[in-house]
Amino acid sequence: MLNRYPLWKNLLILLVIGIGAIYALPNLYPEDPAVQISGTRGSIEITNTDLNRAEQALEKAGISVLEASLEGNSGLIRLLADDQQLAAREVIQQSLGEKYVVALSQAATTPEWLVNLGARGVNLGLDLRGGVHFLMEVDMDAAVKQQLEVTASEIRATLRKERLRFRKVAVEAGQIEVLLASAEDLDKARRLLQVDRQDYTFNADDSGLLLITMNEQAIRNLEDYAVDQNLTTLRNRVNELGVAEPLVQRSGRNRIVVELPGVQDTASAKRILGATANLEFRLEANRNAETFDTETFGFRDQPNRTAVLERDIITTGNNVANASVGFDENNKPQVNIRLNGQGGRFMSDATKNNVGRSMAVLFIEHKTRTRIVEQEGERIEVREPYTEQGIISLATIQSQLGSSFRITGSGSVQEASELSLLLRAGALAAPIYFVEERTIGPSLGQKNIEQGVTSIQIGLALVVIFMLAWYRVFGIFACVALTTNLVLLVALLSVLGATLTLPGIAGIVLTLGMAVDANVLINARIKEEMYHRGLSPQNAIHSGYEKAFATILDANITTFLVAIILFSIGTGPVKGFAVTLSLGLLTSMFTAILVTRLMVNWVYGGRRIERISL
Amino acid sequence: MTNNLSSKLLNININFMKLRYLAFGLSAVLLLVSIGSLATQGLRLGLDFTGGTLVELHYTNSPNLEEVRGQLETAGYEQFVVQNFGSSHDVLIRLNQGFSPEVGEQVRSLLDTQNADKVELTRAEFVGAQVGDELRDQGGLGMLVAMLCIMVYVAFRFQYKFAVGSVLALVHDVIILLGFFSVFRIDFDLTVLAALLAVVGYSINDTIVVYDRIRENFRKIREGTVSELINLSINQTLIRTTITSITTLLVVVTLFLLGGEMIHNFALALMVGILVGTYSSIYIAGTLLLSMKVSREDLAIPIKEGVLEEDGRP
């Protein structure tokens, strides 16, 4: 019999639609404004006591709580009103203290049975919910230079240990230059230094200078390491900032994308993310020390005071295991530091024989100034890296130091807490600078959603009216298919965890417009088969679907090719558009061909018909 | 619209082959104007491609843009553009200078203190010049790769003359769309690039439908000249081409009117692109085949379709 689907095919189509509907469902439940509480470290678990304390604090501040619950390691407090979110965060942070991170969040209200099925709402992009987007570039030259500095420091130590006197060990123009006191030592030094340094190439020039350069492969590895290390550090810092659902991702060879939904204070986010502050602990130089072994630094808060320090570093902020803010006897802020095992060893070794000498804490910050200059009509970006170094404390070593100690003199409470945050979250392996930044206010996000949804609704309505007027009953089929298409598309986007952006919504709207194309092709074909070739309606339907299929396939594959290319080359907005466009093509093939056919078969199939409403 | 009307529409027979010199002439003019404008004044590239800093502010009142400019100038800002964005309450400021974390807030507070009502920061964007360059290169590259892939696919499914024809029709659409943005000095940003690529997708879709019918008729109908067959195919697909354009335009116009300022240019690009794409599918793509002297022999070997038609699937 013509135009009948076997039962299994009918059931399969209905099943797909049913599953699609279930997975699209969570998007109908609005989200609650909420705050999320978690520990600064994984080991801190949130308990009901913490939640109760937070709730009581909120009650006292007059903020109404909808529900408080524990979710794994963290707590979630749902609020009644959107505008109380910020205030709630502050209240809770104050009542719980520094060990906890309180972040703004949006809590889904999806019923439990849906959650158990793995259904969830579609992720909204930054342009729809507000927030900050950063693109950062890791300064590779600086990473290499830093590594060379470390190696130079090791070389000095080795040479000293082997009693090979040297005039100079310094990093110059991307290589380490070693000048020994007597030329006869050159070969010996070279042999000695080459041990375990496969990453370096050693060359001696005519003037007796030993030049040490890093190999290409080693530089590549170092770059990878620097980016990975920076990723980890940035993740830690983002966690410290307290942002729900942040995104920190490598992008290309030396870039990192950071997206912080809901964050409005970009300036402070940027200061903390981009800070390359680090500490170095160094001994004050003896009076009779050689000048090439020493460096002179100013004090951070006393511009006219300077001190001469040894070039060698005892340890750095990288070896800090924990840091917190406290107050000293005079109620001045101090940073309590605990070093890790290695750092503690370095510290106790260095201080054991130097009781009575002074140790300085040196604060180092790598910064970049970006200027755009006009040059021969072209606008060129000029970045000038510069380093700010300053001593924050210089104190006499009273006794051998272990892994725990405190430093004072870091300035205001805010500065002390930012310093401790940076020490906790780790230093960046290489300086980074911002190459792109986008801040979207929450009101704009809301506006974008509303406008997007309105456009979808009205666009859909217009298409429906047009199709009904033009194709009658077959128009109804097409419209049902179109709606099913929207449901399936939303379900797919939700399940795949795709992020919906404004261009993504535009992609949906465009897909809806184009999705009817398949039905137009089919319907036009059926008509033609009837009126031109004189086929009976039943045969015309069959042949119309059959013939249109090849065309639809060809046309959609070429469009799909474009969507894939868009996806692979595009960034952010273009990608979002490509995702919805390509998924939309897939779902529209299903709905326009199979779903409409199902309906056509039900209405007209398997019986004698004189005419069809087309 | 009655059944009568729509069945009458099936019998439309316009002699597109006769119109083809007119169409070629029109296209030539459009292309010349577009290329001329692109060559002389280029595109007004948006922030995404040039790099720079952009700050969008929301005023409770409607500020006088001249005053805002003056305030920025006195504060020492150089080379900036101030314009309304969407409504008279929203102001967009593009700065040509480098970025510091505070620039958005600085501009806001500067203008806030000099304005009676509150000024809110809606969004601040900064794109490094290098990133902009890369995006531009990627966009151009993407376009070329897309066209190449389409050419290969069409050559494989149809024949190389069809591949050349479809890609030429695409190049035609892209140049005219770029020309439109160049002539009217409309900001060309990342969303417009996305729209441009979508137009490529849409237009190829349209062209393939026409070509598909030409292929079918070439194999099926034994009488008639090549020119007649192409003309017949275009007429047969005309209704479909028009209706699809209408439905797509319906939603795109909705987006243009209601979608908000941020996708205004996106929707505009789609609107123009769909019109041009539809025109080229009807008037250019088919007739290009004629100019390339396509013949029945080019499609003589029936590939899969013959099988598809006969196996009588349920």
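How many bridges join S7(A) and strand S8 of chain A, and do they pair in the parallel or the antiparallel sense? Before I answer, a word on conventions: this is a predicted model, in which local features need pLDDT of at least 70, side-chain atom pairs count only at pLDDT 80 or more, and totals for chains, interfaces and linings use all residues. Residues are numbered from 1 along each chain as its sequence is written, chains are lettered from A and ligands numbered from 1 in the order in which they are written, and side-chain values use heavy atoms, with hydrogens and water left out.

S7(A) pairs with S8 (residues 175-180) through six bridges, in the antiparallel sense; strands here are DSSP runs of E of at least two residues, helices runs of H or I of at least four, numbered from the N terminus, and pairing requires at least two DSSP bridges between two strands. Within that pair, A:Glu172 stands opposite A:Gln175.

Both strands belong to an open, antiparallel sheet of four strands in chain A, ordered S7-S8-S10-S9, and its edge strands, each pairing on one side only, are S7 (166-172) and S9 (200-204).

Turning to a helix of chain A, H13 covers residues 502-531, and because its 30 residues at 1.5 Å a residue should span 44 Å, the 44 Å between its end C-alpha atoms agrees; the expected span is 1.5 Å times one less than the number of residues. Of those 30 residues, 29 are buried, so H13(A) is largely enclosed by the rest of the structure, where buried means under 20% relative accessible area with a 1.4 Å probe, protein chains only.

In chain B, the end C-alpha atoms of residues 114-293 lie 70 Å apart, and the span is 81% helix and 5% strand.

How values were computed. Buried < 20%, exposed > 50% of the residue type's maximum accessible area, 1.4 Å probe, protein only.
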